[in-house]
Amino acid sequence: MAEELAEALLPASGAPMVDIRKLWSVFETPEKRFVVHQDLDLTVQRGEVLSIVGGSGSGKTVLLRQILGLESPTKGEIFVLGQPVGQLGRKGAASRIGMLFQHGALFSAFSVLENIAFPLRELRTLPSALVREAAMVKLQMVGLKPEDGDKMPSDLSGGMIKRAALARALIMDPPLLLLDEPTAGLDPDSSDGFVTLLRSLHRELELTVIMVTHDLDTLFELSTRIAVVADRRVIVAAAPKDVIAFQHPFIHDFFLGERGQRAMELLREYPFAV
Amino acid sequence: MATPPWMHPDFMPDFTPRIEQQPAPEGVRLRVLGQWTAAQFAQPRLLKTLRAGLAGTSAQQAWDLSEAEQLDHVGAQLLWDQWGRQWPSNLALLPQQKAVLERVARFTVVPPKPRKTTWMGSYLALGAWVLHAGDHLKSFVRLIGQLALNLGTLARAPQEGPWRDLTGHIYRIGATALPITALVGFLIGVVLAYLTSQQLRQFGADAYIVNILGIALIRELGPMLAAILIAGRSGSAITAQIGVMRVTDELDAMRVMGISHSFRLVMPRAMALAVVMPLISVWTTLCALAGGMLAADVSLGITPTFFLNALPQAVSIGNLGLATSKSVVFGMLIALIGCHFGLRVQPNTQSLGEGTTASVVTSITVVILVDALFAVLFKEVGI
């Protein structure tokens with residue numbers, strides 16, 4: 001019964017969370033024309049943790065920005081939560097998509113708690129005591145302590161910045177969460193802690209997660225599906241073990257090189273991913 | 001079991017969060033309906049209606065959440081607060097909702113009471129303000145001292161000086177400021193000449209316009225106008241540049257490399273402004289005089305030839321020296337104040353904005369103060 005109810009909340013039940021069709025991204029300079037994506041297709045179903053991997057310059061972050069509506073594609077369509085992506089930026093967008101930027105993008109003039117509360121406060125209808133309490137709940141959900149709320153972003157460590165930014169992304173309980181390099185720049189301990197946190201939040205909040213990452217540990221610990229962007233399109237989007245088995249030079253280099261050996265060990269260690 | 005309403009084909013769900021009271025054997029049963037989410041609460045006046053509906057309810061009553069469309073953490077928070085932060089004894093809910101409410105229950109903390117302002121608090125705040133101002137003064141004096149030491153270092157080893165920086169600053173602060181200072185100077189000259197010409201004509205003292213314009217522009221207004229323009233234009237730029245270097249850790253990187261901030265950042269700027277300021281001041285004065293000369297010709301019929309011939313008699317040469325030395329001081333002060341506020345910027349955007357504003361306001365104020373000081377001092381000396 002819980003599942004039925006949950007279905008009814010989303011704008012279009014049964015529709016994929018993100019649906020990208022025949023996407024073209026072309027960047028033009030006076031001298032040259034770069035085709036980054038060519039007829040790229042990708043769908044993300046509810047409840048998935050989809051990782052996008054690819055070489056540098058393959059347009060992973062561009063893809064993420066296009067899903068967010070920060071950049072518009074040259075050709076093709078992107079539907080997010082069943083709606084064209086252009087309609088997402090309206091008021092209350094924070095209740096549809098949460099985004100964790102690579103460097104957190106916390107507002108440096110606000111304290112941590114004010115940062116987390118910002119999307120709620122911008123609704124301008126909620127009493128400030130309620131906003132404060134709701135922000136405090138999210139602050140602790142991501143593993144920060146209540147007293148961290150009064151700190152300024154400049155006083156936080158890298159891991160704490162990511163956690164605070166994650167709390168801000170989740171403040172309105174969006175069904176879709178986008179992560180850009182969630183563990184980049186974190187030490188292994190904080191990185192592991194953050195991955196554990198993401199996994200538990202994914203389970204508890206029934207989130208759909210799309211992330212771009214280079215970190216193989218993160219990739220295998222979190223992803224239920226991996227989409228590989230190469231040759232200007234998604235060459236394969238499948239479960240981790242099927243992706244590794246896929247024959248392509250990029251995949252061979254990325255997964256089966258020196259790092260890949262470690263990756264394979266990890267794959268055995270984390271049956272969750274497979 | 002009856003078919004739930006949402007399975008009926010004509011069912012159109014109503015997402016508006018609301019409370020319905022239903023008679024039940026144990027008294028009144030409160031049914032929570034609709035989407036209890038932050039996005040729904042964003043509707044104007046909805047929360048007010050909802051709170052009116054919630055008034056008088058408590059955890060002692062029977063609650064039924066199982067028919068709610070959705071309950072997010074904000075909605076759960078609202079209910080939890082309404083229940084007085086305790087679980088109702090009679091509560092029907094779905095496992096998913098239970099999980100959300102349990103998280104809210106676990107993490108809700110009692111907010112600390114806001115501190116009231118007391119006399120003691122205000123007194124301490126005043127003390128903190130005085131100490132803060134004292135700290136500013138101290139670090140400004142230290143900056144001046146450091147500049148003097150750096151100039152000594154430079155004199156001993158001139159080949160190691162930051163000469164490229166110096167010429168760059170001279171170009172950016174000086175050469176690029178020529179058009180704007182010319183325009184402002186010219187217009188001020190025109191306005192001043194028109195205003196005084198009307199008064200002078202009443203007394204038939206037309207020829208004295210040369211004296212008035214000469215003294216006012218060369219001795220006071222020229223240097224002052226130039227200084228105020230440069231303070232607004234370059235003082236702010238200096239603070240912003242150094243401030244951004246703080247925000248992006250560039251200042252720390254320099255220190256790690258063993259490069260002194262004051263030698264590489266403060267000294268070239270102070271030297272550049274000390275060189276540029278008198279030049280800009282002379283340029284502004286010339287443009288203002290040209291404007292005044294033109295207006296005097298048009299309104300009083302005083303020809304430029306007469307104006308130029310009468311000027312040396314009206315303004316003694318001492319005024320030029322005074323104006324130039326004043327400008328050197330203004331330039332150094334603007335640079336030092338700009339650097340002072342730039343170096344004190346904290347690594348956040350708010351502080352950067354505050355520092356830039358404070359820098360411009362302080363440098364303009366200081367320029368006017370020092371100008372007044374010069375006026376008083378040199379009146380006594382008699383130049």
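**Figure 1. Helices α8(B) and α11(B) are oblique to each other.** An oblique angle is one left over when those under 35 degrees (roughly parallel), over 145 (roughly antiparallel) and 65 to 115 (roughly perpendicular) are set aside. The structure is a predicted model, in which local features need pLDDT of at least 70 and side-chain atom pairs pLDDT 80 or more, while totals for chains, interfaces and linings use all residues. Residues are numbered from 1 along each chain as its sequence is written, while chains are lettered from A and ligands numbered from 1 in the order in which they are written. Helix α8 of chain B covers residues 209–247 and helix α11 of chain B covers residues 304–314. The two pack at an angle of about 60 degrees, and their axes are 9 Å apart. (Axes are lines fitted to C-alpha atoms, for helices over the stretch in contact; angles run from 0 to 180 degrees between N-to-C directions.) On the side of α8(B), the contact is made by Val210(B), Asn211(B) and Gly214(B). On the side of α11(B), Phe307(B), Ala310(B), Leu311(B) and Ala314(B) take part. (Contact: C-beta atoms, placed from the backbone, within 7 Å.) The residues of this contact comprise five nonpolar, two polar and no charged. (Charged: Asp, Glu, Lys and Arg; nonpolar: Ala, Val, Leu, Ile, Met, Phe, Trp, Tyr, Cys and Pro; polar: the others, Gly among them.)

**Figure 2. Helices α5 and α12 of chain B pack against each other.** Helix α5(B) spans residues 119–156, and helix α12(B) spans residues 317–343. (Helices are DSSP runs of H or I with at least four residues, strands are runs of E with at least two, and both are numbered from the N terminus.) The angle of packing is about 120 degrees, with the axes 10 Å apart. This angle makes α5(B) oblique to α12(B). Helix α5(B) contributes Ser139(B), Phe140(B), Leu143(B) and Ile144(B) to the contact. Helix α12(B) contributes Leu336(B), Cys339(B) and His340(B). Five of the residues in the contact of α5(B) with α12(B) are nonpolar, two are polar and none is charged.

**Figure 3. Val366(B) belongs to helix α13 of chain B.** (Buried: 20 or more other C-beta atoms within 10 Å of the residue's own; exposed: 12 or fewer; partly exposed: in between, with C-beta atoms placed from the backbone.) Apart from neighbours within four places in sequence, Val366(B) is in contact with Leu333(B) and Ile337(B). Between Val366(B) and Ile334(B) there are 8.5 Å in space, C-alpha to C-alpha, and these residues are 32 apart in sequence.

**Figure 4. Chain B meets chain A.** In this view, 33 residues of chain B are in contact with 28 residues of chain A. Helices α1 (38–41), α3 (73–82), α4 (95–107) and α13 (349–381) of chain B each give two or more residues to the side that touches chain A. Helix α4(B) gives the most, with six residues. This side of chain B divides into 18 nonpolar, eleven polar and four charged residues.

**Figure 5. Chain B is divided into two domains, domain 1 and domain 2.** Domain 1 of chain B runs over residues 11–107, and domain 2 of chain B over residues 160–381. (These bounds come from an automatic or database domain assignment.) The C-alpha centres of domain 1 and domain 2 of chain B lie 66 Å apart.

**Figure 6. Lys22(A) and Asp173(A) each have a positive phi.** Most residues other than glycine have a negative phi. Lys22(A) has a phi near 50 degrees and lies in strand β1 (residues 18–28) of chain A. With 13 C-beta neighbours inside 10 Å, Lys22(A) is partly exposed. Asp173(A) also has a phi near 50 degrees, but its place is the loop between α5 (158–169) and β7 (176–180) of chain A. Asp173(A) is buried, because 24 other C-beta atoms lie within 10 Å.

**Figure 7. Glu206(A) lies in a loop of chain A.** This loop runs between α6 (188–204) and β8 (208–212) of chain A. Glu206(A) has 16 C-beta neighbours inside 10 Å and therefore counts as partly exposed. Glu206(A) and Arg46(A) are 160 residues apart in sequence, yet their C-alpha atoms are 8.6 Å apart in space. Chain A as a whole has ten helices and ten strands. Of the 274 residues in chain A, 42% are buried. Among contacts in chain A between residues at least 6 apart in sequence, 67% join residues at least 24 apart.

Technical notes
Two residues are in contact if their C-beta atoms, placed from the backbone, lie within 7 Å.
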